[in-house]
Amino acid sequence: MKTGSHFLQRLLSTAAISLLFMALPAQAAQFVAYGDYEIHYNAFNSSFVEPDIAKTYGLQRGKRRAMINVSVLKKEADGNKKPISALISGSAANLLQQTQQLDFKKVDEGNAVYYIGQFGFSDDMLMRISVTVQPDPNQPAYDLQFEQRFFAD
């Protein structure tokens, strides 16, 4: 997986939802290439989100709450990348296989499309995150899996 620091900078230049990511280091954003698409993702503690931004988008903050952000870009023939809508679902599980289904909220700002899911965790907990991303409903979905350790604030 590659670091998408240029993509994170793009996120930071968009409207209010971009404030979600200002406290995140550039290396926190990751992406995978899937055919004509790039699937960008990152997970972080919900405390990085300012209270007014969380309220605006109906996001829940807490010391033991995390968020995952997923966005999909389609590679155009001219080399540009265009944000698109996709079908997104997923889950987060701890090492005991206690699983939480992720309910993703879509945020469409026109020049950016984000999907934000939330889950709870205990302090110093390794979470296994699985996300299914289907940019084209007529094509197979991409299964994204990663692990990340979370700490209570």
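Biologist: What do the side chains of Glu 147 and Arg 128 form?
Modeller: In this predicted model, the side chains of Glu 147 and Arg 128 meet in a salt bridge, 2.7 Å from N to O. The term stands for a side-chain nitrogen of Lys or Arg within 4 Å of a carboxyl oxygen of Asp or Glu.

Biologist: Before we go on, what are the ground rules for the numbering and the values?
Modeller: Residues are numbered from 1 along each chain as its sequence is written, and side-chain values use heavy atoms, with hydrogens and water left out. As the model is predicted, local features need pLDDT of at least 70 and side-chain atom pairs count only at pLDDT 80 or more, while totals for chains, interfaces and linings use all residues.

Biologist: How many salt bridges are there in the whole structure?
Modeller: A search of the whole structure finds 3. One of them joins Arg 149 to Asp 124, with the closest N and O atoms 3.1 Å apart. That pair links distant parts of the chain, since Arg 149 is in strand S11 and Asp 124 in the loop between S9 and S10, 25 residues apart. Arg 149 is partly exposed at 41%, and Asp 124 is partly exposed, also with a value of 41%.

Biologist: And what does Lys 81 form a salt bridge with?
Modeller: Its partner is Glu 38, and the closest N and O atoms are 2.6 Å apart. Lys 81 lies in strand S5 and Glu 38 in strand S3 (residues 37-45), so parts 43 residues apart in sequence are tied together. Lys 81 is partly exposed at 28%, whereas Glu 38 is buried at 5%.

Biologist: Back to S10 and S11, how do they pair?
Modeller: Strand S10 (residues 125-134) pairs with S11 in the antiparallel sense over 9 bridges; two strands pair if DSSP finds at least two bridges between them. Val 131 stands opposite Leu 144 in S11.

Biologist: What order do the strands of that open sheet take?
Modeller: The 4 strands run in the order S7-S6-S10-S11, with antiparallel pairing. Strand S7 (99-102) and strand S11 (142-150) are the edge strands, each pairing on one side only. The twist averages 20 degrees from one strand to the next, where axes are lines fitted to C-alpha atoms and angles run from 0 to 180 degrees between N-to-C directions.

Biologist: Switching to S4 and S5, how many bridges join them?
Modeller: Strand S4 (residues 65-75) and strand S5 (residues 81-84) run antiparallel and are joined by 4 bridges. Val 72 stands opposite Ile 84 in S5. The hairpin has 5 residues between the strands, and Gly 79 in the hairpin takes a positive phi near 95 degrees.

Conventions. Helices (H or I, at least four residues) and strands (E, at least two) are DSSP runs, numbered from the N terminus. Buried means under 20% relative accessible area, exposed over 50%, partly exposed in between (1.4 Å probe, protein chains only).
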